[in-house]
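Here is a short report on one protein model.

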Amino acid sequence: MKATRIVSGTAVPLDRSDVDTDQIIPSDWLKQVSRTGFEKGLFSEWRDDRDFVLNDERYAGATILVGGTNFGTGSSREHAVWAIQQYGFEAVISPRFADIFRNNCTKNGLVPAQIQPDAAAELMAAVQADPDLEITVDVQRRQVEAPAIGFEAAFPLEASTQQRFLEGLDDIGITLRHTEAIDGYERRRLPWLPAAT
C-alpha cells in the first residue's frame, strides 16, 4: 500500500444513491484468478449507456469519485475497491459509506472521505457544473477542499486508520512493525509448542 497524505485532482460526479458492490463490479468479474484488470469491469453494466458519466470525456483522468448516499452497500467483495483504484481513483467522497466497503477501502489504500450530506450535494453540483474543478482530499488534515469555490468539509478518520494512509501500511505492514517482538517470542517459545510457519 502506498503512503497517501493528499489526493488532488478532478472528480467524476456519480449522482446515484445506494450504489452497491455488484453495480461497482458485477459478479461476472469475480471469476478472475489475478488481482488485476478489474478497471475494465468498473460499472460495466452502466457503461453500455453512452450517457453514463464515466463515458463523458470531460471527466477523463479524474482521481476522485464523488458518489451519492450509501455508497458501496451490498456484499463484502474487495474487488469493488480494487476496480475503483485500478480505474485511477485514489479517493471516494460520499455522505455515507456502507461499513464493509469503507473498511475495505482503508485496508487497500482508497481514501473514503465521508462528508455531511449538504456539503456532498454542494460538491456534486459544483463538479457537474465544472468538470475541471480541482479538489483536494487531505488525509493529514481530514479535510476535503475545492479552493476555487471556497469549499471546505471535514471528514472523520480514526487516528489508526489515518496512520495507515500516512505511512502506507496494510495489515501485513502493520504486523511487520512488530517483527522484533515476534522474533523474541519465537526464541522463547517452548520447543514442544507448534513452530510458526
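## Helix α4

In this predicted model, helix α4 has these buried residues: Phe 101, Asn 104, Cys 105, Thr 106 and Asn 108. Buried means under 20% relative accessible area, exposed means over 50%, and partly exposed lies in between (1.4 Å probe, protein chains only). Helices (H or I, at least four residues) and strands (E, at least two) are DSSP runs, numbered from the N terminus.

The buried residues of α4 pack against α1 (21-24), α3 (79-87), β5 and α6. Contact here means heavy atoms within 4.5 Å. Gly 109 follows α4 and has a positive phi, near 90 degrees.

## Helix α6

Helix α6 spans residues 159-167. Its buried residues are Thr 161, Gln 162, Arg 164 and Phe 165. They sit on the same side of α6 because they cover an arc of only 150 degrees around the axis. The arc is that of the directions from the helix axis to the C-beta atoms. Ala 159 and Ser 160 are exposed on the other side.

The buried residues of α6 pack against α4 (99-108), β5 (111-114) and α7 (171-176). Just after α6 comes Gly 168, with a positive phi of about 70 degrees.

## Gln 162

Gln 162 is found in α6. It counts as buried, because its relative accessibility is 8%. Leaving out residues up to four places away in sequence, Gln 162 touches Val 139, Gln 140, Arg 142 and Leu 157. Gln 162 and Thr 106 are 56 residues apart along the chain. Their C-alpha atoms are separated by 8.8 Å.

## The sheet

An open sheet is formed by 4 strands in the order β2-β3-β4-β5, with parallel pairing. Two strands pair if DSSP finds at least two bridges between them. The edge strands are β2 (11-14) and β5, and each pairs on one side only. From one strand to the next, the twist averages 20 degrees. Axes are lines fitted to C-alpha atoms, for helices over the stretch in contact, and angles run from 0 to 180 degrees between N-to-C directions.

Strand β4 covers residues 91-94. It pairs with β5 in the parallel sense over 4 bridges. Ala 91 has Val 111 in β5 as its bridge partner.

## Aromatic rings

The structure holds 8 aromatic pairs. One of them is Phe 43 with Phe 52, edge-to-face at 5.9 Å centre to centre and 65 degrees between the planes. Rings of Phe, Tyr and Trp (its six-membered ring) pair if their centres lie within 6.5 Å; planes under 30 degrees apart count as stacked, over 60 as edge-to-face and the rest as tilted.

Phe 43 is buried, at a relative accessible area of 1%. Phe 52 is buried too, at 3%. Arg 16 lies over the face of Trp 46, 4.0 Å from the ring centre. A charge sits over a ring if NZ of Lys or CZ of Arg is within 6 Å of the ring centre and within 35 degrees of the ring normal.

## Whole protein

The secondary structure comes to 8 helices and 8 strands. Of the 197 residues, 46% are buried. The C-alpha atoms fill a box of roughly 65 × 40 × 25 Å, taken along the principal axes. Among contacts with a separation of 6 or more, 67% come from residues 24 or more positions apart.

## Basis of the values

Residues are numbered from 1 along each chain as its sequence is written, and side-chain values use heavy atoms, with hydrogens and water left out. In this predicted model, local features need pLDDT of at least 70 and side-chain atom pairs count only at pLDDT 80 or more, while totals for chains, interfaces and linings use all residues.
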